[in-house]
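Morning, everyone. Please have a look at the structure on the screen.

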Amino acid sequence: QVQLVESGGGLVQTGGSLRLSCAASGGTFSSYAMGWFRQAPGKEHEIVAAISRRGGITHYADSVKGRFTISRDNAKNTLYLQMNNLKPEDTAVYYCAAAITRSIVIASEEYAYWGQGTQVTVSS
């Protein structure tokens with residue numbers, strides 16, 4: 001129903017910044033709770049951040065609090081993840097996802113739509 005395309009990944013040094021974007025099409029963007037997830041080789045899939053339909057409520061993994069900011073622009077049908085003070089531990093494929101079950105969704109199993117992922121690599 002909705003298609004999601006991530007962009008903005010790349011290679012950065014420790015302490016650097018990246019801004020990821022997730023462009024949505026084919027659905028009513030403002031009706032979806034949105035989230036960012038990541039997975040590194042040999043590690044479990046994990047929630048990074050989530051945001052409510054109107055952007056008023058956010059959730060962050062403890063590992064990224066104070067460094068990452070999730071936001072959305074419903075007029076542009078776009079989700080963002082601003083990543084500052086990046087660390088090698090942040091290296092992973094980052095995915096955006098959309099859910100319709102609640103106004104904000106934390107559990108990955110409740111997300112019905114997923115993007116293809118974008119690689120973030122942080123070098124030391």
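Predicted model: local features only at pLDDT ≥ 70, side-chain atom pairs only at ≥ 80, totals over all residues.

Residues are numbered from 1 along each chain as its sequence is written, and side-chain values use heavy atoms, with hydrogens and water left out.

Start with strand 4 (33-39). Strands here are DSSP runs of E, at least two residues, numbered from the N terminus. Is strand 4 enclosed or open? Six of its seven residues are buried, so strand 4 is largely enclosed by the rest of the structure. Buried means under 20% relative accessible area, with a 1.4 Å probe and protein chains only.

Now its partners. Two strands pair if DSSP finds at least two bridges between them. Strand 4 runs antiparallel to strand 9, with seven bridges. There, Gln 39 faces Val 93. Strand 4 also pairs with strand 5, antiparallel, over five bridges. Phe 37 has Ile 47 as its bridge partner.

Next, the cores. A nonpolar core is a set of buried Ala, Val, Leu, Ile, Met, Phe, Trp, Tyr and Cys residues joined through side-chain atoms within 4.5 Å. The largest has 31 residues. Trp 36 and Tyr 94 are among those with the most contacts inside it. Another core, apart from it, has nine residues, including Phe 37 and Ile 47.

Last, Ser 52. It sits in the loop between strand 5 and strand 6. Ser 52 is buried, at 5% relative accessible area.

Key
Helix = DSSP H or I, 4+ residues; strand = E, 2+ residues; numbered from the N terminus. Buried < 20%, exposed > 50% of the residue type's maximum accessible area, 1.4 Å probe, protein only.
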